[in-house]
Amino acid sequence: METNYLLPNKFKKLGWVLFGLGLIGGIFIYATIGLTDKFLKVKVLSVYDNQLFGDSSFFKIVENGIFDELVSVFIIVGGFLVGFTKEKIEDEFIYKLRKDSLVWVLIVNYSILLVAILFVYDMTFLHILFFNMFTTLVFFVIRFSVLKYKYLSHEE
Amino acid sequence: MKNRLKVQRAIHELTQADLAEKIGVTRQSINAIEKGKYVHSTVLALKIAKLFNESVENIFTLEDKD
């Protein structure tokens, strides 16, 4: 199957490692709210910062704990590598499963968000938004894996 | 679309995995095609027919609902 957006299969393992580390890190951040902000404090470039009570600034060097940034990058890059690298055997059916998973995840993810918009408020909604940054990829990886497993017959 | 893939496999004594390997697709593909859950490309139909030395129509046929 000719595809122009899939990376070679060798990146898939790396993807799973990054994705796994990212998810564990994400749970850690969530379970220890505030703690991880103190980790890995380095100077970073802030392109735009609009303080709630203060001036906004452009292109300023600020100090920031980059643990959460690393975790986010790991989940996103890892998730993309898992979902968008070639399978060991990449054929038209796998291609179809991948596309089906993408459509499925778009519908499911936005349905959940829609329900959350209507029925969840205040800080809890912010938490949902926080998760929603990653659920598209996470659900996609899960759905794609489930479909691949589902059609793998064990007969004979 | 109906297919006689399973019969052809039995005649040639091939497992789903054997057939998949011979035509360079995944086992999932063969499984889904046999269960009628996936209508494959013409290229794949031609490859399968060629492997079994049959005409495409002898393996794949239209159903009323198609």
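Trainee: Which residues in helix 3 of chain A are buried?

Mentor: F93(A), I94(A), L97(A), R98(A), S101(A) and V105(A). Buried means 20 or more other C-beta atoms within 10 Å of the residue's own; 12 or fewer means exposed, anything in between partly exposed, with C-beta atoms placed from the backbone. Two notes before we go on. This is a predicted model, where local features need pLDDT of at least 70 and side-chain atom pairs count only at pLDDT 80 or more, while totals for chains, interfaces and linings use all residues. Residues are numbered from 1 along each chain as its sequence is written, with chains lettered from A and ligands numbered from 1 in the order in which they are written.

Trainee: What covers the buried residues of helix 3 of chain A?

Mentor: The cover includes helix 4 (122–150) of chain A and helix 3 (27–34) of chain B. Helices here are DSSP runs of H or I with at least four residues, strands are E runs of at least two, and both are numbered from the N terminus.

Trainee: What does helix 2 of chain A reach from its first C-alpha to its last?

Mentor: Helix 2 of chain A has 17 residues and reaches 24 Å, close to the expected 24 Å. Its buried residues are V71(A), F74(A), I75(A), G78(A), G79(A), L81(A), V82(A) and G83(A). Helix 1 and helix 4 of chain A are among what covers them.

Trainee: At what angle do helix 1 and helix 2 of chain A pack?

Mentor: About 145°, with the axes of helix 1 (residues 11–31) and helix 2 (residues 67–83) 7 Å apart. Axes are lines fitted to C-alpha atoms, for helices over the stretch in contact, and angles run from 0 to 180 degrees between N-to-C directions. The crossing is left-handed. That label means the near helix is turned anticlockwise from the far one by less than a right angle; clockwise would be right-handed. By class, this contact has 14 nonpolar, six polar and two charged residues. Ala, Val, Leu, Ile, Met, Phe, Trp, Tyr, Cys and Pro count as nonpolar, Asp, Glu, Lys and Arg as charged, and the others, Gly among them, as polar.

Trainee: Why is chain A called more spread out than a compact globule?

Mentor: First, the make-up. Chain A has four helices and two strands. From the N terminus on they run α-β-β-α-α-α. The radius of gyration of chain A is 19 Å, well over the 15 Å that the globule rule gives for 156 residues, so the label holds. The radius is taken over C-alpha atoms, and the rule is 2.2 Å times the number of residues to the power 0.38. The C-alpha trace of chain A spans about 65 × 40 × 30 Å along its principal axes. Of its 156 residues, 17% count as buried.

Trainee: Which residues of helix 2 of chain B meet helix 3 of chain B?

Mentor: Q16(B), A17(B), L19(B) and A20(B) do, against R27(B), S29(B), I30(B) and N31(B) of helix 3. That contact has four nonpolar, three polar and one charged residues. The two axes come within 8 Å and cross at roughly 115°. This crossing is right-handed.

Trainee: Is E63(B) buried or exposed, and how do you know?

Mentor: Exposed, because E63(B) has 8 other C-beta atoms within 10 Å. E63(B) lies in the segment after strand 2 (60–61) of chain B. Leaving aside neighbours within four places in sequence, E63(B) is in contact with M1(B) and K2(B). Contact means C-beta atoms, placed from the backbone, within 7 Å.

Trainee: How many residues of chain A are in contact with chain B?

Mentor: 10 residues of chain A, against 13 of chain B. Helix 3 (residues 92–119) gives the most to chain A's side, with three residues. By class, that side has five nonpolar, one polar and four charged residues.

How values were computed
Two residues are in contact if their C-beta atoms, placed from the backbone, lie within 7 Å. The expected span of a helix is 1.5 Å times one less than its number of residues.
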